[in-house]
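Look at the model below. Then follow this short report through the contacts between the chains and a few residues inside them.

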There are 2 protein chains.
Amino acid sequence: VERIPILKLGEFLLVSIQVDMHDRLALSLQDDLTEKIVATGAKGVLIDISALDIVDSFIGRMLGSIAGMSRILDAETVVVGMQPPVAITLVELGLSLPGIRTALNVDKGMELLRRSLEEQRESLGVLHKPD
Amino acid sequence: VERIPILKLGEFLLVSIQVDMHDRLALSLQDDLTEKIVATGAKGVLIDISALDIVDSFIGRMLGSIAGMSRILDAETVVVGMQPPVAITLVELGLSLPGIRTALNVDKGMELLRRSLEEQRESLGVLHKPD
């Protein structure tokens, strides 16, 4: 696989990571994702890692930079589907995935994104009404 | 990858095929998917093939059997995200993917599933009211 597909789900984008990530693939995913956020105006990104048995510091950093880039482009990131052993290993390795929000599965991740989007819109509504 | 993740999106299931399929992987996908349809009561299955550059007769048959099995379990299947060259090759090879519905992307596929689900429920409503 040369490219990880980015699926549009209404206001959000979904990326399901199924293959071993390497430098080039991680970079092209970041490029594709930032481009797609801008092109679609997506307000949230869901990254499914349910296929991953291991999340090492490389993947951890990649998830962190995706979350950082998305935030700058006004989209929130939620990592979903983490396997229980992955959570155990992450803590054992001292990787706490700072700045990354997680949810159990895609449904719950979308709920989280929708809620935080609503809150954001409500707090903006205090200042000025939307068109 | 030993297993292709099956993501639950509300009433539907989403499978994004990103790796080369071989016999064993195709069989385990069919097993996992039918189990998940039964476990979740999903009413539709979306299969994203946007990462595939080639759909050969093996993949075509697999998509057909997934659609057939899902139908028996009362779930509709829609294949989404087909690349233009894939469509060209399929026709050139004489593979018309009989019995498989397609949509341009996940959003449109979900719309299709929702509409056909509504119609189904309306026609059932003529016979007896839901609880």
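Is Lys8(A) buried, partly exposed or exposed? Lys8(A) is partly exposed, because its relative accessible area is 32%. Keep in mind that this is a predicted model.

**Across the interface**

Lys8(A) has a partner in the other chain. It forms a salt bridge with Asp107(B), and the closest N and O atoms are 2.8 Å apart. Asp107(B) sits in helix α4 (residues 106-127) of chain B, while Lys8(A) sits in strand β1 of chain A, so this pair joins two chains. Asp107(B) counts as partly exposed, at 23% relative accessibility.

A second pair crosses between the chains. Asp107(A) and Lys8(B) meet through their side chains in a salt bridge, 2.8 Å from N to O. Here Asp107(A) belongs to helix α4 of chain A, and Lys8(B) to strand β1 (residues 6-9) of chain B. Asp107(A) is partly exposed, with a relative accessible area of 21%. Lys8(B) is partly exposed too, at 32% relative accessibility. Between chain A and chain B the count is two salt bridges. Side chains of opposite charge can pair when their charged atoms come close.

How many residues of chain A are in contact with chain B? The number is 18, and they meet 18 residues of chain B. About 1400 Å² is buried between the two chains, and carbon and sulfur atoms give 60% of that area. Leu7(A), Gln18(A) and Asp107(A) supply 39% of the area that chain A buries against chain B, more than any other three residues.

Polar contacts also link the chains: six residue pairs are counted, both partners being at pLDDT 80 or more. On the chain A side, β1 (6-9), β2 (12-16) and α4 (106-127) each supply at least two residues that touch chain B. By class, this side has 10 nonpolar, four polar and four charged residues.

**Two copies**

How do the chains relate? The same surface serves both copies, as 100% of the contact residues of chain A recur in chain B.

**A salt bridge within chain A**

Over all chains the count comes to 12 salt bridges. One of them joins Arg3(A) to Asp32(A), with the closest N and O atoms 3.4 Å apart. This pair links distant parts of the chain: Arg3(A) is in the segment before β1, Asp32(A) is in helix α1 (residues 23-40), and they are 29 residues apart. Arg3(A) is partly exposed, with a relative accessible area of 49%. Asp32(A) counts as buried, at 17%.

**Buried residues**

| Residue | Location | Relative accessible area |
|---|---|---|
| Ser70(A) | helix α2 (residues 57-72) of chain A | 1% |
| Leu97(A) | loop between α3 (84-92) and β5 (101-103) of chain A | 9% |
| Leu97(B) | loop between α3 (84-92) and β5 (101-103) of chain B | 9% |

Which backbone oxygen does the side chain of Ser70(A) reach? It reaches that of Ile66(A), at 2.7 Å. Beyond its neighbours within four places in sequence, Ser70(A) is in contact with Ile37(A), Val45(A), Ala75(A) and Thr77(A).

Leu97(A) is not a glycine, yet it has a positive phi of about 50°. Leu97(B) also has a positive phi, near 50°.

Methods
Residues are numbered from 1 along each chain as its sequence is written. Chains are lettered from A and ligands numbered from 1 in the order in which they are written. This is a predicted model: local features need pLDDT of at least 70, side-chain atom pairs count only at pLDDT 80 or more; totals for chains, interfaces and linings use all residues. Side-chain values use heavy atoms; hydrogens and water are left out. Contact means heavy atoms within 4.5 Å. Buried area is the accessible area (1.4 Å probe) that two parts lose on being put together, summed over both. A salt bridge is a side-chain nitrogen of Lys or Arg within 4 Å of a carboxyl oxygen of Asp or Glu. A polar contact is a pair of N or O atoms within 3.5 Å; within protein, one must be able to donate a hydrogen and the other to accept it, and residues adjacent in sequence count only if both atoms are side-chain atoms. Helices (H or I, at least four residues) and strands (E, at least two) are DSSP runs, numbered from the N terminus. Ala, Val, Leu, Ile, Met, Phe, Trp, Tyr, Cys and Pro count as nonpolar, Asp, Glu, Lys and Arg as charged, and the others, Gly among them, as polar. Buried means under 20% relative accessible area, exposed over 50%, partly exposed in between (1.4 Å probe, protein chains only).
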